[in-house]
Amino acid sequence: MASIGRIAEATQGDEALLRARQRAALLPDLLVEARRVVATVTSGWHGRRRRGTGENFWQFRPFVDGEPVSRIDWRRSARDDNVYLRDREWEAAQTVWLWADPSPSMLYQSQAGLVSKESRALVLVLALAELLSRSGERIGFPDVMDPISARNAAERIAGALVSHRPDTGFPAGERFKRFSEVVLVSDFLDPMDELVARIDLLSRRGVRGHLVQIADPAEVAFPYSGRTEFRDPETGAKLTAGRAETLREEYRTLFDARRTHLAEHCRHIGWSHVFHLTDRLASEPLLALHGRLSGQFQPPSGQRA
């Protein structure tokens, strides 16, 4: 049986940060890759600053009829013939939690995939940490690093992951406080009822979520044919198909239905959902996340953001 995919080796970390990685020639430098991805999208990144309720001054702007007179800044208005309002800056979420799924299924990589799902997930998390830290956000990684507000947040997450890689699945909801945001990067191959229940638990706690669903191209196309052995990386269970191509149409239907159901459920509760294949550029989901985190994504009418 010809091999189409393989189980990739778990990524170890960043040599430039720890100067201790012995196998730099074999393993990708995720932090360097994350910064390369950031460099390709940084011109379109404007942070999350916008007008709203908060304590910090943002800008002066001309007064418009119908707006509250109490917000007029008379000192600034006295400088010329115009009347100005004093805008405050919208307060971003208290904390942005970033999480990359450590499950064994994330180690899969086919011949069509540029990297394993695990490697792409970590690059996205570190790239997002790099961008958010530039905006002064508080960033945390469940079971790895408590929330911090620091310019070197990406380096600190990378260092923490080298010394401690969590082996647990979906993060516990107790860590996320109301009005915080969470970015979950995973293949989301858990049973759908369990996955939806975990998402709903976070939503009921007042957490705003963003799902990045990562898939290998082979998981979408199902290119297998002839006698093929499939092995579950989570349980080790095996299934041998005498003619794998006969399963292709049904598999694709089920995979598409699963993806659609997850996206629709996120939309229903006011969360966002991004689907990403590992044969595509990492900058694509990063740009999509920018829109979601900066408020360009709007939940459906009547739903809480």
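Which residue's side chain does R36 meet in a salt bridge? In this predicted model, the partner turns out to be E33, with an N to O distance of 2.7 Å. Both residues sit in helix 2, which covers residues 30-41, and they are three residues apart, or about one turn of the helix. Neither end of the pair is hidden away: R36 is partly exposed at a relative accessible area of 44%, and E33 is also partly exposed, at 27%. The general idea behind such pairs is simple enough: side chains of opposite charge can pair when their charged atoms come close.

R134 forms a salt bridge with E130, and here the closest N and O atoms are 3.7 Å apart. That still makes the list, because the cut-off is 4 Å. The two residues are four apart in helix 4, so about one helical turn separates them.

As for helix 4 itself, it runs over residues 117-134, 18 residues in total, and reaches 26 Å from its first C-alpha to its last. That is close to the 26 Å expected at 1.5 Å a residue. Of its 18 residues, 17 are buried, so the helix is largely enclosed by the rest of the structure. Just after helix 4 comes G136, which takes a positive phi of about 80 degrees.

N152 lies 19 residues from S133 in sequence, yet their C-alpha atoms are 7.3 Å apart in space. The loop that holds N152 runs between strand 7 (145-148) and helix 5 (153-163). N152 is partly exposed, its relative accessible area being 34%.

Back to the charged pairs: the model's salt bridges number 11. One of them joins the side chains of E245 and R243, at 3.5 Å from N to O. E245 is partly exposed at 27% relative accessible area, while R243, at 54%, counts as exposed, because exposed means over 50%. Besides such pairs there is also a network, in which K117, D187 and E219 are joined by salt bridges that share partners.

Definitions and conventions
Residues numbered from 1 in each chain as written. Predicted model: local features only at pLDDT ≥ 70, side-chain atom pairs only at ≥ 80, totals over all residues. Heavy atoms only, no water. Buried < 20%, exposed > 50% of the residue type's maximum accessible area, 1.4 Å probe, protein only. Expected span 1.5 Å × (residues − 1).
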